[in-house]
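Hi everyone, thanks for coming. Please take a moment to look at the model on the screen, and then I'll walk you through it.

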Amino acid sequence: MLIDFRFKALDPIRNNVNWILRPLEYVMMAPRNIFEATSEYFTTRSSLDQENQVMKARQAELSLLANQSEFLMVENQNLRELMALQKQVTFKTLPVEILFNPPNPISQRIVINRGSNDGLKLGNPIANDSGILGQVVRLYERSAEVSLLEDRDFAVPVQVARNGLRAAVFGAGRGNPLELRYLPVASDLEVGDILLTSGIDGVYPPGFAVAVISKIERNADKNSSNVFCVPVAAVNRYRQALAFLYDPQFDAKAPVIDNKSATGAPLTNTPGRRQTRSRGMQ
Amino acid sequence: MIDIQSGYILRPVNPVFIYFSLLCALLLNLLPIGNYGWVPDWLIICIVFWNIHQHRYVSIIWAFILGFLMDVHNSDILGLHAFSYSFVAYLAISWHRRIVALSVLSQALHLLPIFLLVSLFPVLVHLLLTGEFYWWALTGAIQALIEAMLWPLATRILLSPQRRSIDVDHNRPL
């Protein structure tokens, strides 16, 4: 047990055992799937009609938004280029299906039906239509285990959507609300603030909803505040999700080093400092 | 083997039935019910049962292998269930003479600590490895209670092939 916990040395064995076990799991998933399929098949016409109406309205809304967002994205990229900022990394998404959540009292995980054969990598974020669900923590060939936001000490760097304040959301274990840690009392937070991924960690792409602040306890004498949040994405509602094949190194600009070689002048940009650019004409 | 409850001599056990029941229990454990603490662990009931009644067929090795499978399925640390299952199998074998002689209800009461051990073992290991006590996982106690309550049912089902009468009277089947 210690070997597995500390060194991850037994992962090949786990992979092989999984290879045997997975067909059995699929067999046992059949009753549930059949039940769901039949109940879907027998939905009444009126409910389908209703659903259709809602979907149409939603689709109209979304396509409008999509047209705008395309324009905004191009504009944003152009502006970023003008400012010589790093480009936003584009990434692919991979539709995944949630197979089951294994019964495990300690952690809160789900198993999805895509693995390393589909291009999934360790640490890829998983999201559904409303927000981030979790992160791939163990990879098999045709399936993967995803750790959910609720998992203990599962951290996501976030940004408050309203004012851009950066923080980190931590999972507090099953059944407990998420916590926003390491924030001073005076920080500008309100109940109902939406937390988006900030993207500074290089794991989560920026701008995806993670959680909503549900309760704030300010503690003036310790200069700290306990902020509790609720994840945006409901885990158990849908079986479909998206994996982001996000790699911030991909498509990133190579670091500029030619300013020294031309003139022999000392380096203006020491490593580790932010790239500065002379303004105006020279 | 003598059935203490009824006083009759049981039929010899069919090894195929033993392995079939273990496979069924494993499959029941793989059912995608969800991550609830109270869902009974069918496999451990089956393992303990066969270790008490027929420990020559189902040994600690079997408990270890099945526990290993459960570890992979539950995405636990490898060896967690393997160890607890085989330890419990050992306990069951060493208690089997005493337990078989009891009535079914007191058997269930005797096995409650065994089931509790299996259910709470992950919490213990988590405490040792990370130093955190995980209160939420104590719902495993409910699981152990349910397993103990299922014990009479398990006895009834798993012993039924051996309780069939030897000379069946076809005119009066009961």
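Let me start with a definition: two residues are in contact if their C-beta atoms, placed from the backbone, lie within 7 Å. Leaving aside neighbours within four places in sequence, Cys46(B) is in contact with Ser21(B), Leu22(B) and Ala25(B).

A quick word on the model: it is predicted, so local features need pLDDT of at least 70, side-chain atom pairs count only at pLDDT 80 or more, and totals for chains, interfaces and linings use all residues. Residues are numbered from 1 along each chain as its sequence is written, while chains are lettered from A and ligands numbered from 1 in the order in which they are written.

Now, helix H6 (140-163) of chain B. Helices here are DSSP runs (H or I, at least four residues), numbered from the N terminus. Where does H6(B) kink? The kink, of about 40°, is at Trp151(B), shortly before the proline Pro152(B); the bend is the angle between axes fitted to the seven residues ending there and the seven starting there.

Trp151(B) is also one of the buried residues of H6(B), which include Ala144(B) and Leu158(B). Buried means 20 or more other C-beta atoms within 10 Å of a residue's own, again placed from the backbone. Among what covers those buried residues are H1, H2 and H5 of chain B.

Finally, the two chains meet: 27 residues of chain A are in contact with 31 residues of chain B. On the chain A side, H2(A) gives the most, with nine residues. Thanks, everyone!

Terms used. Helices (H or I, at least four residues) and strands (E, at least two) are DSSP runs, numbered from the N terminus. A residue is buried if 20 or more other C-beta atoms lie within 10 Å of its own, exposed if 12 or fewer, and partly exposed in between; C-beta atoms are placed from the backbone.
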